[in-house]
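Thanks for asking me to go through this one with you. Please have the chain open beside these notes as you read.

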Amino acid sequence: MTIYYNDDVWLVVAHVSELKKSPLRVFYQGIPIVLFKHANNIHALKDQCPHRGTPLSMGCVKQGTIVCPYHGWQFDSAGKHVAMPGNPDFIESTKTIVQSFDVAEDGGLIWVRHKTNKNNGDIRYIPNIHISHPYITTSKTIEAGIVDIAENFLDPLHTHFVHPGIIRFSRVQRHNCTVSISTVEHGYQATYIEEKQQSGIMSKLFGQHITKSVGRIRYPGIIEVEYYSDHAIELAVVIYLNQENNSRCKLIMRSYIKKKKIPFFIVAAILTPFQYLTFLQDKHILEAVEHSKNELQPSPLVVTDCDVMRPYIERALKQDIVDVSVEKNILL
Ligand code: FES
Ligand SMILES: [Fe+2]
């Protein structure tokens, strides 16, 4: 199921390092977009040549225009037709024939929205931690729906089974955890206070003093997971979810790690393989879920009290924000 947001909402479509000299295909609410760069400005057009429909992202950039790879038609950054090889009578168009989009670079991320004169949709969410903590950014794709992906990152009860040994061990005795769910700006969060430390290797490496963790979802599809010691956020993961279609999402993920005495590149080099492995484990299970749903139209899913964030994810993605204050217990 594709969830559509307001037309003027800014969405993260890529990390800046993904856009090099060649054009890049990204998506805005399921619409394919070609990004291209000229003189340090980024431009965004619908990724479809109006002649025969070829993806313009397969072409190249020439003097600030994008060249279609099929017959060489050229379009400027506003989507005007500026060259048609082979036509001696061609006159440059003054009208836009390829739809263009607003594009912004902010916080090392590329954001796109529909062209608008409105400024009230001008929210580009970058967490405060962006200023205080060093970070690494990666982009990945998962062939699954946005709600299932968002839930996976906010669901502690799968970690024993899908990430045994990395986040939690499945065989150790479970302990009590108090979960408080509350409303935040544009979304909801769950705060977890566990009786004991998490048992997996990640907590041995990064979580020695963790006293609580928080999972959060904000409109339009931003996930945050934070691990707190008494003094600070020790580790946080922020994921911008971008729906490419109803069963595929791009994830632009940032891991923020509190400054330590050891150089950041060493800490990052230790963290990266574990994060990559957990990502592959999640991707594997989420893609199996998606495949199974497509194979066998499932009867309505069973949502229990332990599926702490599922109802709030569905609400947040629809911008349905109401006051919530709930407390419950689970065993982790
Ligand atoms: S399809 Fe693009 S120029 Fe012909
Ligand atoms: Fe997971």
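The points below go from the whole chain to single residues.

1. **Ground rules.** This is a predicted model, in which local features need pLDDT of at least 70 and side-chain atom pairs count only at pLDDT 80 or more, while totals for chains, interfaces and linings use all residues. Residues are numbered from 1 along each chain as its sequence is written, and chains are lettered from A and ligands numbered from 1 in the order in which they are written.

2. **Overall build.** The chain holds 6 helices and 18 strands; both are DSSP runs numbered from the N terminus, with helices being H or I of at least four residues and strands E of at least two. Its radius of gyration is 22 Å, close to the 20 Å that the globule rule gives for 332 residues, so the chain is as compact as a globular protein of that length. Here the radius is taken over C-alpha atoms, and the rule is 2.2 Å times the number of residues to the power 0.38. The C-alpha trace spans about 80 × 50 × 35 Å along its principal axes.

3. Of the 332 residues, 33% count as buried. The cut-offs rest on C-beta atoms placed from the backbone: a residue is buried if 20 or more others lie within 10 Å of its own, exposed if 12 or fewer, and partly exposed in between. Among contacts with a separation of 6 or more, 57% join residues 24 or more positions apart, a contact being two residues whose C-beta atoms, placed from the backbone, lie within 7 Å.

4. **Two domains.** The assignment gives domain 1 (11-114) and domain 2 (129-331), with bounds that come from an automatic or database domain assignment. Their centres, taken over C-alpha atoms, are 34 Å apart. Domain 1 brings 12 residues to the contact and domain 2 brings 10 residues. On the domain 1 side, strand S1 (residues 11-15) supplies the largest share, with 5 residues. That side divides into 6 nonpolar, 5 polar and 1 charged; Ala, Val, Leu, Ile, Met, Phe, Trp, Tyr, Cys and Pro count as nonpolar, Asp, Glu, Lys and Arg as charged, and the others, Gly among them, as polar.

5. **Helix H6.** Which residues of H6 (residues 310-317) are buried? They are Tyr312, Ile313, Ala316 and Leu317. These four cover an arc of only 130° around the axis, which puts them on the same side of H6; the arc is that of the directions from the helix axis to the C-beta atoms. The buried residues of H6 pack against helix H2 (146-153) and against strands S12 (176-184), S13 (187-194) and S14 (212-218). After H6 comes glutamine 319, with a positive phi near 60°.

6. **Strand S16 and its neighbours.** S16 (residues 233-245) is mostly covered, with 10 of its 13 residues buried. It runs antiparallel to S15 (residues 222-228) through 7 bridges, where two strands pair if DSSP finds at least two bridges between them. The hairpin from S15 to S16 passes through 4 residues, and glutamate 226 has alanine 236 of S16 as its bridge partner. S16 is also joined to S17 (residues 248-257) by 10 bridges, again antiparallel, with a hairpin of 2 residues between them. Here asparagine 242 stands opposite lysine 250 in S17.

7. **A four-stranded sheet.** The order S5-S6-S7-S8 makes an open sheet of 4 strands with antiparallel pairing. S5 (60-62) and S8 (81-83) stand at the edges, each with a single partner strand, so one side of each is left without a neighbour in the sheet. S5 pairs with S6 (residues 65-67) over 3 bridges, and valine 61 is partnered by isoleucine 66 of S6.

8. **Backbone spots to check by eye.** The peptide bond from tyrosine 219 to proline 220 is cis, with omega near 0°, and proline 220 is found in the loop between S14 and S15. Alanine 39 is not a glycine but has a positive phi of about 45°. It is located in the loop between S3 (31-38) and S4 (41-46) and is exposed, with 6 other C-beta atoms within 10 Å. Histidine 186, also not a glycine, has a positive phi of about 65°. Its place is the loop between S12 and S13, and with 16 C-beta neighbours inside 10 Å it counts as partly exposed.
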